[in-house]
Amino acid sequence: MVANAGLPLVVTFLPALLRREYGYSMDAGLVLLITIAIFLHVLGSLGPYRWFSWYDEVTHTVSAILVAGIGYAVLRAFECHSDEIAVPSRFRAVFILVFVLAFGVIWEVFEFGAVWLSQRLGIGSPVRVFGIDDIVTDMVFNTVGAVIVAIWGTGYFVDFVPFLRRRIRSNDDE
C-alpha cells in the first residue's frame, strides 16, 4: 500500500519539479493525462482491479497513451537534434507501437520480479500478477493506447519536444 501510494505521489510532483529546476511549464493537458493515469492506478490498488475486469484494460490504455506520447516526443527530440536521424512520418507510428510494447514487456517483467521478491522477503507485493491471459490482455490494450497516439495524438506531445531537445543540448531550431 505504501509503494502504491508513495510512488504516484512522487510522480505528481514531476510537473512542479520540471518547472522549478528547468523552467519548463508542462501543458495542462499533459498534466491532466499524468494525473488520470496515476489516479487510475492508485484507485485500482484499492480494489477495482479485482472487482471489475474492464478496469485494468482502461488503466492500461490510458497509461499506454502517456507512454506512447513520451516515446514520440523522445523520438522527435533526437530527430530534431541530429541531421543523421531522419524517420519517415509513416514509420513514426511503427516506432510508437514498438516503444509502447517494449515498455509493456519491461513493466510485466517488473511485476513478476516484484511479486517474486515480495514472496522471498515475506512481505505483500505492491503489484499483482493475474496470469498469462491478463498479460496478453494488457498488451492488447497497450497496443490500443499506442494506436490512438499514433493516429490522433502526436500533436498533444509536440510541446514537450523543445524541452527534451534542450535537455540533450540541441542548438538547432525546429
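Q: Which residues line the second largest pocket?
A: Lining the second largest pocket are Asp 27, Gly 29, Leu 30, Leu 33, Ile 65, Ile 148, Val 149, Trp 152, Gly 153, Tyr 156 and Phe 157. A pocket is an open set of 1 Å grid points where a 1.4 Å probe fits, with protein on both sides within 12 Å along at least five of seven lines; lining residues have an atom within 4 Å of a point. This is a predicted model, where local features need pLDDT of at least 70 and side-chain atom pairs 80 or more, while totals for chains, interfaces and linings use all residues. Residues are numbered from 1 along each chain, and side-chain values use heavy atoms, without hydrogens or water.

Q: OK, and the largest pocket, which residues are closest to its centre?
A: Leu 7, Ile 38, His 41, Ser 63 and Trp 107, out of 46 lining residues. Elements giving two or more residues there include α1 (2–12), α5 (53–81), α6 and α7.

Q: Switching topic: how do α6 and α7 pack?
A: Helix α6 (residues 89–121) and helix α7 (residues 132–153) pack at about 150°, with axes 9 Å apart. Therefore α6 and α7 are roughly antiparallel, a label for angles over 145 degrees.

Q: Which residues make the contact?
A: Among them are Ala 93, Leu 97, Val 100 and Phe 112 of α6, and Ile 135, Met 139, Ala 146 and Val 149 of α7, where contact means heavy atoms within 4.5 Å. Val 149 also lines the second largest pocket.

Conventions: Axes are lines fitted to C-alpha atoms, for helices over the stretch in contact, and angles run from 0 to 180 degrees between N-to-C directions. Helices (H or I, at least four residues) and strands (E, at least two) are DSSP runs, numbered from the N terminus. Angles under 35 degrees count as roughly parallel, over 145 as roughly antiparallel, 65 to 115 as roughly perpendicular and the rest as oblique.
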